[in-house]
Amino acid sequence: MVTASAPGKLILMGEHAVVFGQPAIALAIDLRLICTIVPSASFSVNGEPLSDRQHSYVLAALRIAWDSSPVSIQINSGLPSGSGLGSSAAVTVATLAALSGLNGDYEEEVVARNGFEVESVVQGRASPIDTSTCTHGRGILIGNSPGPDLLWHIEKDEREWYVHNCEVPEMDIVVGYTGIIGRTGPLVAKVKRFADRSRFGMEIIEEIGQLTTEGLRMLRTGDKVGLGELMTRNQKLLAILGVSSPALNKLIRASLPHSYGAKLTGAGGGGSMIALTDRPADVCEAIRKRGGVPYVVRTGARGVTLSD
Ligand code: PMV
C-alpha cells in the first residue's frame, strides 16, 4: 500500500496567458488531497469500477504510468472539485506519485512531466503550472526563459515553459468559491479562439504576462499594495478575455473594499476568486453575504509526499 498527499494550488497571477507561454505564479496551499493505492483483483476508484467518464484523470494517469496488475485507488479530497484550486492536478499528481511509490521509482520531475501529459490528454490543452505546483509545492514561477532556481523545462506543440521554484513569503489568502464548477477545457479553448481571431486578444495575453512579471517583483519585496493593484488589473484583463462570470464579479466587488486586490484564480467561468488582505474576517463575511463559500488558505505548502 502507498499513500500520496498532494496540495491544492492557487494561481496568483498569469492564468490563461501561461497557456500561450507567458509567465505565471502559482502557490501551493494547505488544502490537500490524499490518494491511497493497493494491489487488488480489479481496477477501482473509491469502490466504483474505473470509468472514463467519472475518473478521467486517474485513467489517463494509469495509461501513462502503469503497466502492471490491477489496483484499488482511494481518493479523499479536501479540495472542492471544479473550484479552481487545483483538484484535478492534485488527483493527477497524487495518483502518479502513489503509482511510482508502488513501483519504487518516485522522482519529482517525472511525476510533474507525466502530470502535465495527463492534463493535456484530459483537457485538450493545458500548461504545466497546476501539476508542477502540486508536485513541487511552495511557489512556482513559470517563465519563457531559464532563470535562477530552474526546476524543469517542458515543451509541447511549439510552446515551452521553464518551471522555477519561486521563494515567496508565506501568506494567508482568502479564497471565495462561487459554488459553480468552472470547466477548464472549454474556457482554455474559448481564450484560444479569441487570441486566434484578433490581435487584440493576443495583446491582452501579453499584457497579463507583463503584469505578472511586475507582480513577481512586488511579491519578493513584500509590497502588498503594489501586488494587490496588479492582481485587480489582472482581473480586468481576464474579464476582457471572457473568463470571469457574474458570480465571480460579485465576490470580487464585495472583497475589494477590505483588500489590497482581488481576482479570479484558475480557469474562471465559476470556480473561485482570491483576495489579498490583512482583514480576512471582513473579506470572509463579505463573500458569505454574497452567497460564496470563503476559505482562508495558507500558502507555501509542501509538494506531494509519499508514505507507506
Ligand atoms: O484548472 P484550473 O482552474 O486550475 O486552471 C488552470 C489554469 C489555466 O491557465 C486556465 C489552464 C492551464 O492549464 O494553465
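Between domain 1 and domain 2 there is one salt bridge, a term used here for a side-chain nitrogen of Lys or Arg within 4 Å of a carboxyl oxygen of Asp or Glu. The pair is E15 and K263, whose closest N and O atoms sit 2.9 Å apart. In general, side chains of opposite charge can pair when their charged atoms come close. The model is a predicted one: local features need pLDDT of at least 70, side-chain atom pairs count only at pLDDT 80 or more, and totals for chains, interfaces and linings use all residues. Residues are numbered from 1 along each chain as its sequence is written, and side-chain values use heavy atoms, with hydrogens and water left out.

As for the two parts themselves, domain 1 covers 2-168 + 301-307 and domain 2 covers 172-298, with bounds taken from an automatic or database domain assignment. Their centres, taken over C-alpha atoms, are 22 Å apart. Contact (heavy atoms within 4.5 Å) links 30 residues of domain 1 with 43 residues of domain 2. Put together, the domains bury about 2,900 Å², and 71% of that is on carbon and sulfur atoms; buried area is the accessible area (1.4 Å probe) that two parts lose on being put together, summed over both. On the domain 1 side, M13, H16 and F20 lose the most area to domain 2, together 24% of what that side buries.

Nine residue pairs are in polar contact across this interface, both residues at pLDDT 80 or more. A polar contact is a pair of N or O atoms within 3.5 Å; within protein, one must be able to donate a hydrogen and the other to accept it, and residues adjacent in sequence count only if both atoms are side-chain atoms. β1 (2-13) and β2 (24-39) each supply at least two residues to the side of domain 1 that touches domain 2. The largest share of that side, six residues, comes from β2. Strands here are DSSP runs (E, at least two residues) and helices likewise (H or I, at least four), numbered from the N terminus.

Turning to the ligand, 15 residues surround it, and the closest are K9, S127, D130, T184 and A267; a residue counts as near if one of its heavy atoms lies within 4 Å. A polar side-chain atom of K9 lies 2.6 Å from a ligand oxygen. For S127, a side-chain N or O atom is 2.6 Å from an oxygen atom of the ligand, and the side chain of D130 also has an N or O atom 2.6 Å from a ligand oxygen.
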